[in-house]
Amino acid sequence: MYKATLIPGDGIGPEVIKAATTVIEAAGVKISWDEKPIGQSAMAKHNNPLPEDTISSIKTNRIALKGPSTTEVGKGFRSANVSLRQRLNLYANIRPIKTIEGANTKYKDIDLIIFRENTEDLYMGVEHMVGKDAAESIKIITRDASERIASMAFNYALKENRKKVTCGHKANIMKLSDGLFLSSVKNIASKYPDIEYEEVIMESLFMKMVMNPEKFDVIVLPNLYGDLLAEMCAGLVGGLGLVPGVNIGVEAAVFEPTHGTAPDIAGQGIANPTAAILCGVMLLEHIGEKEAADRIYNSVRHVIKEGKYVTRDLGGSYSTMDMTKAVIDNL
Ligand code: NAI
């Protein structure tokens, strides 16, 4: 029996996370889940969006499956997600972006993976007003954090027999901060002579990815650009409901979908459970349950390709739990 922390989150979080745990159980892997709140649900209960108890549960179990949590725009409490990543030093955000046949996309062969630095950049939340009418936000980039994410990306490329690593940046404008990120990644790249390495300015990277996403393989990015590009990539393969991810560091790995709480459809039972179920697949791979992970992954692909028991965003009319049941029936 494995132990893991379960954080259902807000909005559609509890609906899709329930789908993921149900599928894992049906695949025969026994996990004892320690359920903890975060975000709005934690605010309501503990007046704290990130209770210490939630942090210590993840520290103990070292793995967590997490749904999205609400962060108010321009006011309210600080993002519990950003705080969680900083508190547990989850320094890498990894998102595999792969075409699933049957999903709403014109691209057939996308198979790329994004390694986003997850702890610094403009997301450190170091900002203040300068007088009444100006605001300043400080972008922090360090050599250590940049080399660390680059090493993870290159190690992955080597292990998984990937051919190319692309580094995105704006070092043409932010010569010091992005310049340091770029030179750090380049330094790591020099240790992997067999892996092709390229550097692309961000706006050009967005354009090239929209035109020929199939040409990209492993992508390494600072925090902000990684956040933006990963969401666009979700659009390339058919939407946010399809893309899983993990925030990982030395101490722990927190698996969570790319999508947010989807307040427009929350509580209706119609959210696409795929991203959450694929987070479960990544979690199972992480703990060494490869066979169960493969079975779930193949079943999800089958259900989406068949296109019968799928949610609205995939062109169907079925509920989250109907689609989950179809995945279980095909295991
Ligand atoms: P969102 O991802 O929640 O929704 C964007 C659009 O995608 C909506 O139309 C929604 O219905 C659709 N969508 C998302 N997931 C779906 C799914 N599984 N199935 C079907 N349709 C789906 O992004 P939005 O509206 O910008 O953010 C809402 C809230 O979520 C905000 O409070 C934001 O801070 C939070 N958020 C939390 C994240 C996290 O906890 N990791 C990540 C992103 C946003």
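In this predicted model, domain 1 and domain 2 bury about 1,700 Å² between them, and carbon and sulfur atoms give 55% of that area. On the domain 1 side, the residues that lose the most area to domain 2 are Tyr-91, Arg-95 and Ile-97, which together make up 41% of what that side buries. The size of an interface is often given as the accessible area lost when the parts come together.

The two partners come from the domain assignment, in which domain 1 is built from two segments, 1-97 and 240-331, while domain 2 spans 106-236. Their centres, taken over C-alpha atoms, are separated by 24 Å, and the contact draws on 18 residues from domain 1 and 20 residues from domain 2. As for specific pairings across this boundary, the count of salt bridges between domain 1 and domain 2 is 0, whereas 8 residue pairs, with both members at pLDDT 80 or more, are in polar contact.

The ligand is surrounded by 21 residues, and the closest of these are Ser-69, Asn-81, Gly-260, Ala-262 and Asp-264. By residue class, the shell around the ligand divides into 10 polar, 7 nonpolar and 4 charged residues.

| Residue | Protein atom | Ligand atom | Distance |
|---|---|---|---|
| Thr-71 | backbone N or O | oxygen | 3.1 Å |
| Glu-256 | polar side-chain atom | nitrogen | 3.1 Å |
| Thr-261 | polar backbone atom | oxygen | 3.0 Å |

On its own, the ligand has 810 Å² of accessible area, of which the protein covers 70%.

Methods:
Residues numbered from 1 in each chain as written. Heavy atoms only, no water. Near = heavy atom within 4 Å. Polar contact = N/O pair within 3.5 Å; in protein donor to acceptor, adjacent residues only side chain to side chain. Areas by Shrake-Rupley, 256 points an atom, 1.4 Å probe, with all protein chains shown as cover. Nonpolar A, V, L, I, M, F, W, Y, C, P; charged D, E, K, R; others polar. Domains from an automatic or database assignment. Contact = heavy atoms within 4.5 Å. Buried area = accessible area lost by both parts, 1.4 Å probe. Salt bridge = Lys/Arg side-chain N within 4 Å of Asp/Glu carboxyl O.
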